[in-house]
Amino acid sequence: MLFSKIRYVDENFEIRTGSIETDGGRISSLSVCGGENADGLLVLPGFVDIHTHGGDGVDWCDCCESMLQKLSMYYAKRGVTSVCPTTMTLPESELSRIFASIESVKGNECGAYIHGINMEGPYISYEKRGAQNPGYIRPADESEFDRLNAISEIMLVDLAPEMTGALGFAKNVSKKAVCSVAHTNASFEEAIKGFENGFCHATHLFNAMTAFESRSPGVVGAVFSSDSVTAELICDGFHLAPATVKLAFRILGADRAVAISDSLSSAGCTDGEYVLGGQKVIVKNSRAHLENGTIAGSTTNLFEEFKNLLSFGVPFREALASCTINPARVIGKDGVCGSIREGKNADLVFVDEKMTVVHVVIRGKMIF
């Protein structure tokens, strides 16, 4: 497939005019030339959402293949070309069933493809459980992780570093998956200790963790002061104030900020009642809460968050990198996706001047 006389964002996130040729699902060649763009469209790299629970009425914990394929297409139509399905704090028997269901779809997706699972919980803090089910919280268990990882590959495991056994777990498991600080009541010192013992990422920064305060910098302060730690940000304008997002991008820099949707099955749907990890979620005015008022995940998608970032004042290059190459780098997939470069997957998103998705190509196939 040849796309000629187009504007595209190159691997350095500079806008070029030229052509993109694909072959066998990968980008086979790129060229740069003068002249005007033939159709007014701009080609972006496919977006990579490494923390998402669902959308379009479907949760990744639903175990019907047709529903998971529907979810795969939901992402694709919104410019998200690859994902890490994210699970919840549940019993091992339930997680095993969910992992097997996701594995049965992996490699045969009709839209966005699966890199591997983001295992959010169950090794988390009760105090900072957020929308996770407290009945299934338990200590970090490497044997359980290995059993689940054998069913379907885990890309990230999200846990609290202050919990019993968490540091030893991270030391070993960090060789197999990204260990992310999450749903944690850790102090600044405990978080730093985690980063010294296998943790290298932070799940939805600011949310469900100790805050940055004048005499107690908490997990947020530990992330900001650790140059090698990457951090997720929910950029829906609700979980974090726009000014907070913009400041976080300024502190984290161009390479450490990772936009995520943390989307629920209610994303793309109307207000109403939904289920997350076995708990009722009430969506009102597009904002999701548990019955007790606890904020749940988001009802948006990664591409809408990209547009939010631009409206918040985050520069184009940084906003785009946070949705593409940065998440790909976190999970070690930056060699196959996340930017437009020869040899990488042909994951391309064509947008118009209003940043509306017009066409989506995933691994060389026109999907939308």
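Contact here means heavy atoms within 4.5 Å. Helices (H or I, at least four residues) and strands (E, at least two) are DSSP runs, numbered from the N terminus. The model is predicted, so local features need pLDDT of at least 70 and side-chain atom pairs count only at pLDDT 80 or more, while totals for chains, interfaces and linings use all residues. Residues are numbered from 1 along each chain as its sequence is written, and side-chain values use heavy atoms, with hydrogens and water left out.

The protein chain holds ten helices and 21 strands. Along the principal axes, the C-alpha atoms fill a box of roughly 60 × 45 × 40 Å. Of the 368 residues, 55% are buried, that is, under 20% relative accessible area with a 1.4 Å probe, protein chains only. Among contacts between residues at least 6 apart in sequence, 67% join residues at least 24 apart.

Two packed helices are described by the angle between their axes and the distance between the axes. Helix α1 (residues 65-76) and helix α2 (residues 92-105) have axes that come within 10 Å and cross at roughly 65°. The axes are lines fitted to C-alpha atoms over the stretch in contact, and angles run from 0 to 180 degrees between N-to-C directions. In α1, Glu65, Leu68 and Gln69 meet Ser101, Ile102 and Val105 of α2. The residues of this contact divide into three nonpolar, two polar and one charged; Val, Leu and Ile are among those that count as nonpolar, and Glu is among the charged.

Threonine 22 lies in strand β2 (residues 15-23). Threonine 22 is buried, with a relative accessible area of 6%. Not counting residues up to four places away in sequence, threonine 22 touches Met1, Phe3, Ile27, Ser28, Ala346 and Gly364.

Serine 263 is placed in a loop, between β15 (257-260) and β16 (272-276). Serine 263 is also buried, with a relative accessible area of 1%. Leaving aside neighbours within four places in sequence, serine 263 is in contact with His51, Thr52, His53, Gly54, Tyr75, Ser298 and Thr300.

Note on methods. Buried < 20%, exposed > 50% of the residue type's maximum accessible area, 1.4 Å probe, protein only.
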